[in-house]
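Let's walk through this model together, starting where two chains meet and ending at a single side chain. Keep the viewer open as you read.

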4 protein chains.
Amino acid sequence: MIVIMKKGSSGQEIADILDRLAQMGFTGHLSQGVERTVIGVVGQTYPDLKDTLELLPGVDEIVPISKPYKLSSREFQPADTVIEVGGVRIGGDQMVVIAGPCAVETEEQVLETARAVKRMGADILRGGAFKPSTSPYQFRGLGEDGLKILGRAREETGLPVITEVMTPRDVDLVCRYSDILQVGARNMQNFMLLDEVGKCDRPVMLKRGMAATVQEWLLSADYILSGGNRQVMLCERGIRTFETYTRNTMDVSAIPLVKRLSHLPVLGDPSHGTGKWYLVQPMAMAAVAAGADGLMIEVHPTPDAALKDGSQSLTFDNFEQLMSQIGAIAASVGRRMVGRAQVEAGR
Amino acid sequence: MIVIMKKGSSGQEIADILDRLAQMGFTGHLSQGVERTVIGVVGQTYPDLKDTLELLPGVDEIVPISKPYKLSSREFQPADTVIEVGGVRIGGDQMVVIAGPCAVETEEQVLETARAVKRMGADILRGGAFKPSTSPYQFRGLGEDGLKILGRAREETGLPVITEVMTPRDVDLVCRYSDILQVGARNMQNFMLLDEVGKCDRPVMLKRGMAATVQEWLLSADYILSGGNRQVMLCERGIRTFETYTRNTMDVSAIPLVKRLSHLPVLGDPSHGTGKWYLVQPMAMAAVAAGADGLMIEVHPTPDAALKDGSQSLTFDNFEQLMSQIGAIAASVGRRMVGRAQVEAGR
Amino acid sequence: MIVIMKKGSSGQEIADILDRLAQMGFTGHLSQGVERTVIGVVGQTYPDLKDTLELLPGVDEIVPISKPYKLSSREFQPADTVIEVGGVRIGGDQMVVIAGPCAVETEEQVLETARAVKRMGADILRGGAFKPSTSPYQFRGLGEDGLKILGRAREETGLPVITEVMTPRDVDLVCRYSDILQVGARNMQNFMLLDEVGKCDRPVMLKRGMAATVQEWLLSADYILSGGNRQVMLCERGIRTFETYTRNTMDVSAIPLVKRLSHLPVLGDPSHGTGKWYLVQPMAMAAVAAGADGLMIEVHPTPDAALKDGSQSLTFDNFEQLMSQIGAIAASVGRRMVGRAQVEAGR
Amino acid sequence: MIVIMKKGSSGQEIADILDRLAQMGFTGHLSQGVERTVIGVVGQTYPDLKDTLELLPGVDEIVPISKPYKLSSREFQPADTVIEVGGVRIGGDQMVVIAGPCAVETEEQVLETARAVKRMGADILRGGAFKPSTSPYQFRGLGEDGLKILGRAREETGLPVITEVMTPRDVDLVCRYSDILQVGARNMQNFMLLDEVGKCDRPVMLKRGMAATVQEWLLSADYILSGGNRQVMLCERGIRTFETYTRNTMDVSAIPLVKRLSHLPVLGDPSHGTGKWYLVQPMAMAAVAAGADGLMIEVHPTPDAALKDGSQSLTFDNFEQLMSQIGAIAASVGRRMVGRAQVEAGR
């Protein structure tokens, strides 16, 4: 952190700031320029220190020079984090495909979808038992019954399962049924939930909040990591902009950016990212080309009968088409699709 | 909801949609225009129905015609909701001032501030015991110890207290100490928290999420209202835009807009809304001029020593100046400032 | 500008940067901290220098410390700029009201409106002869015929006139008919137009672009000021956000912020700022309370028959109501409404 | 357009609206539902009609049902527009690469770059002679001297040239030197410039404005098309969001979306789209994977000495790497890279 003094700040003001820094356990390193005086702050700083220093007499501006996130940064850990779930490796040279319905509706719907996506080469099954819903008058998920259905689909197909947990109280319950815990976009800054999943031994997928900067996203990852859980993966699912044709604006550039800033795996979710089924395939391809470690895709036996997010779900045919075309893109960026390769080998 | 068919959609497609609507319990009302056919959907619709219908063959577009929020709407309840808390009436002709530190730090800090803001005419005391913090490495509040300090300040000054609750598990605890529960911006769509505060008998202040539309905000209010708690007030605290000089962009227009759409009281928080202490007074005045039912202002004995959000906190002197100038604005829009009037009468 | 070197940058890299700065005519002032080396750059820097320096080996980050706008800044000119137009003083203690139709449609429409707004106390008449229109299939203004109509309205009522100029070629033409030139939001970064109005002797109102930061806005003002035209006033008219109820989000906080950063007058346009006639009055009041030097209000004899922007225009009755209520707000922030006072004195 | 009446609107109000529509040349088609009455408006409507109708007594909401852009829509022209420039075909099965420096600085810089990008397989040369610059104190381009340099580069290398035109007055001049006219993001709604380039016989590349919706972008294309110039291509170059790590947020989804809504070719500009040279290659790959008809890439012999936008420019080595890797992606979406193929054939 650097303190830039106002033009004409007095020697007394400068001395006061050095004193103040010392009281707070920092060392101030003075540099008197022609126009202005600048004080470097040495020590472990934090974002709010900026606010405090900015108010001191004579101070013009405070400039943070180190990134506030630590454990998720490449500086902290240069090597990629690789998370292993039931034989699937996320964050290495695989390009992992997570597929399934937005919400768990019935056992039949989930089993049918699980079999289909497995047959087409998906690596992991998704499905929501607890559903965040903008309106209190809409379907909000089957809760534990939904978790049980996911459990049966895992048993039958052998696919690992990911599902969302919405509140600290449910973390243990969801851990009993799910291989990966998902923290949804609306909960990216539900700090008590982050604390709770940080204490469990299950991998966590942290979706980006719809108005979250990349820095805030990595700080939320730091919450989980600093709780002791080092198995964190990230998922870009679109941010909110002024554009109204699409449900969100999928920030594809966040994928290579996060790969540069952090060692954590990053996936792309073109279903929520666009909200339109006909944009899912091109945006899935874009995400893979940009370096995503995986994709999360909504698939439904009959999207037009879905209780939730039908307009962004693929039919089985559309998903098969996506899987058949994405391999070439993955290969051209040096990625293997393990589930798909097994399927093709078996044909 | 209106279903607009594609140009040239077939009679069979139209018949299928009417059938489908009937299966779902709706009545479809057909209107064949020169260019297109339009089907009105009669019955209690919900936002996701749009997604479902959009996928049916022959459908071009779905247009919702009724607002998805119900209990918070003026159509549901034409008369203003007025909430009474310890003699303060929020939502009537009073212009209520809530003031206090961002975070509870020490008993001395809170008591000193409580006495000062009471002396200057504030109606309610604010202070955070549970603090949402972007970084896990920052101050996150004193928890129950902080609540106890607020309790003592209430006892001494007689000011009702408002404080934030961040997770369902803490609702009972916070209810024991606080007159009003605050749901913060980051939790506006923490639906399980909304459910929980909807079940208690304490008034709730629901802050607008930083990327929430007004419609989503009112839907979140509907979560609380439909749980049975009818004492909900709203607070505009700035939305996230591309502007970087200010911390947020305070959407003052949301105040008169919400007053038109809803019967719930609306307050303005220029401290979070701008993030700059020197913008707090002009924006407080703007909020009152635009029709706010109240203000929420951060005040700190020594903002430059604050553990949180010092840069947006007013000193006692600045708060006194604000209070002395805001009365004329309030009067010119027909509002009484009860706390301030008592102070002035006592002088 | 400050150059922050990477941890572990070499002495050679540092020496190279100092050399490079010297070649470009700057002085580099070195400061070696414990963790990092920082180089202060002394001399007249510019925004793109950041890009250049960022690429040099060993550099971690470049931090601009002085504001890139000069002539519009309070540092350059501490005293408020006051612009006099036909006896109206903009930027001093007056609160100026500009009113009139969005577009000039007919002589009758303009004359009727001009008489009405004058009768109700407006200081300046607005009306568009050249209209920026999102669609090529809509009304785009009467051009010179429209300017002539404005000229007649000025002659009859004595009100000074403001109208928009859209392209350099039309600047001379518009100067012949208009007292103030308006540069619209879509042209805030039409740099050749800024150059051209910078060379003329007519006051210019520069509206904020709908995605422009305050800094970019002031840089655009600098274009005009550096051309030699010192009579520049600014107008906040709403920025683009994700909110869809309102046409734009009027950034009221930009008003006090710009008053702090700059000496130029700032007005508020609640008509474009909200796009809804029923929000115009509360937001006009908010703008005045926040310190605006004036208001720009769309008024139309029959808004529902307007060729452009009828939904944000006030009827004569609504405008009279606004004028009758805004005086108290203006007075409470120490502003005089000269036109309105004359009207009231004459009654 | 559909007029939705308020609940309980009177027969007289409905009759009045039908009359009003008839006066304006429209036919109103009435449909009386159980809850509400809906009137379909038949005839060629336009966006502002919405504003007008919204104000009529008894009206609740106006819903546009046809898209306001016409000539650029797929409905108007189902087949892809293909633009031929000096043997390069944009909009067909080629994936075209436009490369060169942001700004023309010296003859040597341009020639050296032109030779390099040709050698690596670029199809078209870019370079700015007129540069929009946020600050009046920065480099603004060499003007006609710059155009002459581009002319020499075209002569020597045979590459067609694209360069920006900023104002109507310069259209003829730029046409003398350039094969394609570029309308920059800041001028996407400079309607008089759109009119002017609509009258010339040179292909036009229309960049998306940084706060422009896709619909507004296509309406701006309609300006050019309706002027008679049917050779319009679009270029996505990033929109403005709250994210600050990147200069803009490149909206990759706009590429497949526009390909669906319109017959015009769409390119991607990852240099402006991200503002960071290290994100250019992954985002170029993403754009191609998502279906872009071409790429626009900034290349500079020595980015750290560039007068403009060095931080987003590739070195020759980086550009060669991009070209060597992008071919596989292009092939996997069925695109040929003609310039690159010739280079590889010649090796």
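**Where the chains meet**

In this predicted model, 55 residues of chain A are in contact with 55 residues of chain B, where contact means heavy atoms within 4.5 Å. The area buried between chain A and chain B is about 4,600 Å², and carbon and sulfur atoms give 52% of that area. Buried area here is the accessible area (1.4 Å probe) that two parts lose on being put together, summed over both. Three residues stand out: A:Tyr137, A:Met192 and A:Asp304 supply 15% of the area that chain A buries against chain B, more than any other three residues.

Before going on, a word on conventions. Residues are numbered from 1 along each chain as its sequence is written, while chains are lettered from A and ligands numbered from 1 in the order in which they are written. Because the model is predicted, local features need pLDDT of at least 70 and side-chain atom pairs count only at pLDDT 80 or more, whereas totals for chains, interfaces and linings use all residues; side-chain values use heavy atoms, with hydrogens and water left out.

Chain D gives a second pairing to look at. Chain A can be laid on chain D by a turn of 180° and a shift of 0.0 Å along the axis, with an RMSD of 0.1 Å. Here the C-alpha of chain A nearest the axis belongs to A:Ala286, 2.0 Å from it. The same surface serves both copies, as 100% of the contact residues of chain A recur in chain D.

The C-alpha trace of chain A spans about 80 × 45 × 40 Å along its principal axes. Of the 347 residues in chain A, 66% are buried; buried means under 20% relative accessible area, exposed over 50%, and partly exposed in between (1.4 Å probe, protein chains only).

Seven of its eight residues are buried, so helix 8 is largely enclosed by the rest of the structure. What do these buried residues pack against? Their partners are helix 7 (214-226), strand 12 (232-236), strand 13 (266-268) and helix 10 (277-289) of chain A, together with helix 10 (277-289) of chain D.

Finally, look at chain B, where B:Arg260 sits in helix 8 (residues 254-261). B:Arg260 is partly exposed, with a relative accessible area of 43%. Leaving aside its neighbours within four places in sequence, B:Arg260 is in contact with B:Arg74 and C:Tyr278.

Definitions and conventions: Copies are superposed by least squares on the C-alpha atoms of residues with pLDDT of at least 70 in both. Helices (H or I, at least four residues) and strands (E, at least two) are DSSP runs, numbered from the N terminus.
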